[in-house]
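Here are a few friendly notes to read alongside the model. Take them in any order, with the structure open beside you.

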Amino acid sequence: MDSILVTGNGPLNGQIPIAGAKNACLTLMPATLLSEEPLTLTNAPRLSDIKTMTALLQSLGAEVSSLQDGQVIAMSSHNLTSQTADYDIVRKMRASNLVLGPLLARFGQAVVSLPGGCAIGARPMDLHVEGLEALGAEIELKDGYLHAGAPGGLKGAVHEMRFASVGATENIVMAATLAKGTTVLKNAAREPEIVDLVECLRKMGAQISGEGSSTIEIQGVDRLHGATHQVVTDRIELGTYMLAPAICGGEVELLGGRMSLVESFAAKLDAAGVSVTETQNGLKVARKNGRVQAVDVVTEPFPGFPTDLQAQMMALMCTAEGTSVLEERIFENRFMHAPELVRMGANIEVHGGTATVTGVEALKGAPVMATDLRASVSLILAGLAAEGETTVSRVYHLDRGYEHVVRKLEGVGAKIERIKGE
Ligand code: EPZ
């Protein structure tokens with residue numbers, strides 16, 4: 001397994017290009033199952049999760065080709081051969097469950113393995129099931145698989161979700177595009193990736209309104225046609241690299257960044273003493289003066305502070321002046337980066353869903369282990385600011401969500417290299 005060696009090397013300066021959003025691409029790709037005509041995605045990120053979704057769609061009989069070094073994904077599900085998403089793929093990536101809604105809508109049946117838990121939590125699918133059953137689907141759990149059927153087709157309905165689940169919103173919206181009649185989805189998630197999905201579905205002929213708000217209305221249509229869609233910028237990669245100059249000093253411009261994608265996050269950085277300004281090409285980030293100040297964080301559904309930036313923010317708070325309380329309200333076990341940061345000299349106390357971080361002058365480089373996607377990059381950020389060398393192991397977690405990390409950080413002056421493992 002490869003590892004990444006980072007050596008604290010002072011302020012960072014220059015530009016980092018931000019890729020298309022992993023979490024938008026992972027819901028845009030299953031949308032191809034809704035139509036017999038080709039769907040092409042541009043600005044796609046080059047990530048292992050995208051390869052996993054490609055393999056899943058191909059296992060269903062879809063044609064998926066990766067063009068232009070992976071930045072274009074051309075898909076066609078003209079003649080599918082299966083409606084079963086196998087455990088061996090789904091267990092690797094929870095987002096595989098996003099084929100459920102489209103398969104049900106197009107074929108009236110789907111067999112999708114439950115994803116099983118993952119490092120950050122149990123991650124059940126009850127909200128997906130409740131929403132699809134509201135549209136008339138019959139779903140039964142057997143041998144770890146959800147067996148879903150809608151022999152007479154799905155019917156529009158009014159449904160209020162108990163929690164604004166991102167994935168459940170995506171599955172229900174995609175299913176509703178081909179249901180008979182109107183669906184009103186209440187307490188829908190508002191993430192930019194959902195707005196991006198709806199914009200793509202609309203290009204395919206779907207009749208949808210309200211995306212980005214808590215109530216999304218979908219008028220079912222008989223069929224959807226093909227389209228070409230550019231994947232929205234990745235707000236989590238953007239937020240992650242905004243923290244690089246914040247934790248190291250210097251000034252970095254994030255190309256393709258937009259304030260509207262990271263408003264609550266940027267507000268937190270501003271309160272901590274980090275300026276974020278929009279430029280012609282993206283967002284420019286630099287410390288306002290001297291040491292960063294501790295701020296409190298509570299993770300919430302969009303437009304609140306993103307849970308996917310909690311680990312990275314914790315790394316910044318480890319060297320801030322004062323004490324920061326970070327409350328993780330979305331996942332039940334998303335502080336596994338804390339003990340690794342403590343190995344680097346951080347002062348962190350975790351009690352249940354709350355972590356209390358008392359900033360230290362400087363972290364010390366140490367060998368640490370990545371435990372999940374966002375924890376891995378939090379350790380790299382800490383290593384960039386630490387004195388000495390930090391080796392982050394198990395970087396396969398990183399490859400799931402961050403393309404060309406070494407190249408992007410080297411480009412702004414970081415001392416970082418990837419060490420080939422056995
Ligand atoms: C999406 O996951 C993202 N993944 C996650 O990003 C992100 O952390 C999460 O949304 C929250 O923003 C993709 O988009 C591929 P949820 P998802 O359904 O859809 C519980 C990353 O790092 N829940 O909003 O799975 C669930 O257990 C990943 O890129 C139920 O209880 O998130 C969790 O505690 C990590 N029942 C909470 O809701 C359900 O049926 C949020 O889950 C569904 C979810």
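**Notes on the predicted model**

1. Let's begin with Leu201. Leaving aside residues up to four places away in sequence, Leu201 touches Ala31, Leu34, Val173, Met174, Thr177, Ala206 and Ile208. Please keep in mind here, and in every point below, that this is a predicted model.

2. Now for the ligand. Which residues come nearest to the ligand? They are Asp126, Leu127, Ser165, Asp308 and Ile330, out of 22 residues around the ligand. Four helices each supply at least two residues of this shell: helix 1 (22-28), helix 5 (126-134), helix 6 (166-176) and helix 12 (373-385). The largest share comes from helix 5, with three residues.

3. The side chain of Asn23 places an N or O atom 3.0 Å from an oxygen atom of the ligand. As for cover, the ligand has 830 Å² of accessible area on its own, and the protein covers 88% of that.

4. Have a look at Ser77 too, in the loop between strand 5 (72-76) and strand 6 (84-85). Is Ser77 buried or exposed? Its relative accessibility is 0%, so Ser77 counts as buried. A polar atom of the Ser77 side chain lies 2.6 Å from the backbone oxygen of Thr32, and the Ser77 side chain also reaches the backbone oxygen of Ser35 at 3.0 Å. Beyond residues up to four places away in sequence, Ser77 touches Thr32, Leu33, Ser35, Glu36, Ala62 and Arg106.

5. Finally, Glu389 sits in strand 23, residues 389-393. Glu389 and Gly365 are 24 residues apart along the chain, yet their C-alpha atoms are separated by 4.6 Å. Not counting residues up to four places away in sequence, Glu389 touches Leu5, Val6, Thr7, Gly365 and Ala366.

Terms used: Residues numbered from 1 in each chain as written. Predicted model: local features only at pLDDT ≥ 70, side-chain atom pairs only at ≥ 80, totals over all residues. Heavy atoms only, no water. Buried < 20%, exposed > 50% of the residue type's maximum accessible area, 1.4 Å probe, protein only. Polar contact = N/O pair within 3.5 Å; in protein donor to acceptor, adjacent residues only side chain to side chain. Contact = heavy atoms within 4.5 Å. Near = heavy atom within 4 Å. Areas by Shrake-Rupley, 256 points an atom, 1.4 Å probe, with all protein chains shown as cover.
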